[in-house]
Amino acid sequence: MLETTHFTDIDDISASELDRVLTRAADIKSGDDETQLTRATLAMLFEKPSTRTRVSFETGMTELGGHALFLGPEDIQLGHGEPLSDTARVLGRYGDAIMVRLFEHEDLLEIAEHSDAPVINGLTDDAHPCQTLADLLTIREHVGDFDEVSAAWVGDGNNVGQSFVLGCAMAGIDLTVATPPAYGVDDDVLEKADELGSAPTITTDPEEAVSDADVVYTDVWISMGQEDQRHEKLQAFEGFQLNEELLSGTDAKVMHCLPAHRGEEITGDVLEGERSLVWDQAENRLHAQKGLIVELLE
């Protein structure tokens, strides 16, 4: 069992616990670990729509012998009529764990503060630690031992990127982050990465970032709720697209957390090509989250 009660970001667990979760996930994936959480219930609070998060958590709980309960914006009040603290207190008594996918990170922290059951961050505007677990599991499967891996993040310094920065620092992956000047990773995240292991190299040059990379990772430039920034961001991110021209001269594998906007942050031929780890990465959301849930609840 993990020392932490809640999983609000990747650094809620230690580096050794991170390795334990990934090893547990790999063993569950291979069938070497057949742990069951019979009759366990996961309450899932969704303020944002989802494909992979909902399906992977719901499938994972079913395969572990438990049950996942979907609660969307129309199913409960999510702070509109009842305080988040009250919702957290009640759900924490009904279920064994709560997974939340919200806009505001502070809302997640409020739920965690008042829940007796473990709270898992399924995504907020600041962080996406479950995605990072899947990312690291994929890198370990396909690229190699973390201390021998060089990775690049190219694009927006968003929630996925910020959790990946922390995860790489904890795992010992040499990371370079390339973003346009106004769209970088938050300074407090970079400071935390430095405390956890090593802050990434920061650049505004995508070619520099990918030149020595074993794996290159990107995400959408226009995240959910940023549609009004579309024109501005498309101009700012010119030159940051993952395409064969940018990746020429390197054997780097490519990752994307999905959904992808083909023709914007990544071309269709790269996403579908031999470099792509994207589909294994998406599958690993299931296995990584099962490893996490077992370690939290067993």
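The side chains of aspartate 11 and lysine 192 meet in a salt bridge, with 3.5 Å from N to O. A salt bridge here is a side-chain nitrogen of Lys or Arg within 4 Å of a carboxyl oxygen of Asp or Glu. Side chains of opposite charge can pair when their charged atoms come close. The model is predicted, so local features need pLDDT of at least 70 and side-chain atom pairs count only at pLDDT 80 or more, while totals for chains, interfaces and linings use all residues. Residues are numbered from 1 along each chain as its sequence is written, and side-chain values use heavy atoms, with hydrogens and water left out.

By this rule the count comes to 15 salt bridges. One of them joins the side chains of aspartate 125 and lysine 48, at 2.8 Å from N to O. The two residues are 77 residues apart in the chain: aspartate 125 is in the loop between strand 4 and helix 5 (129-142), and lysine 48 is in the loop between strand 1 (41-46) and helix 2 (52-63). Helices (H or I, at least four residues) and strands (E, at least two) are DSSP runs, numbered from the N terminus. Lysine 48 is buried, with a relative accessible area of 5%, whereas aspartate 125 is partly exposed at 36%. Buried means under 20% relative accessible area, exposed over 50%, and partly exposed in between (1.4 Å probe, protein chains only).

Another salt bridge links aspartate 86 and arginine 89, at 3.0 Å from N to O. Both residues lie in helix 3 (residues 84-94), 3 residues apart, which is about one turn of the helix.

Now to strand 4. All 5 of the 5 residues of strand 4 (residues 119-123) are buried, so this strand is largely enclosed by the rest of the structure. Strand 4 runs parallel to strand 3 (residues 97-101), and 4 bridges join them; two strands pair if DSSP finds at least two bridges between them. Methionine 99 has isoleucine 120 of strand 4 as its bridge partner.

The last topic is the domains. An assignment, automatic or from a database, divides the chain into domain 1 (6-128 + 285-297) and domain 2 (131-281). Their C-alpha centres lie 24 Å apart. Between domain 1 and domain 2 the count is 3 salt bridges. The area buried between the domains is about 2100 Å², and carbon and sulfur atoms give 63% of it. Buried area is the accessible area (1.4 Å probe) that two parts lose on being put together, summed over both.
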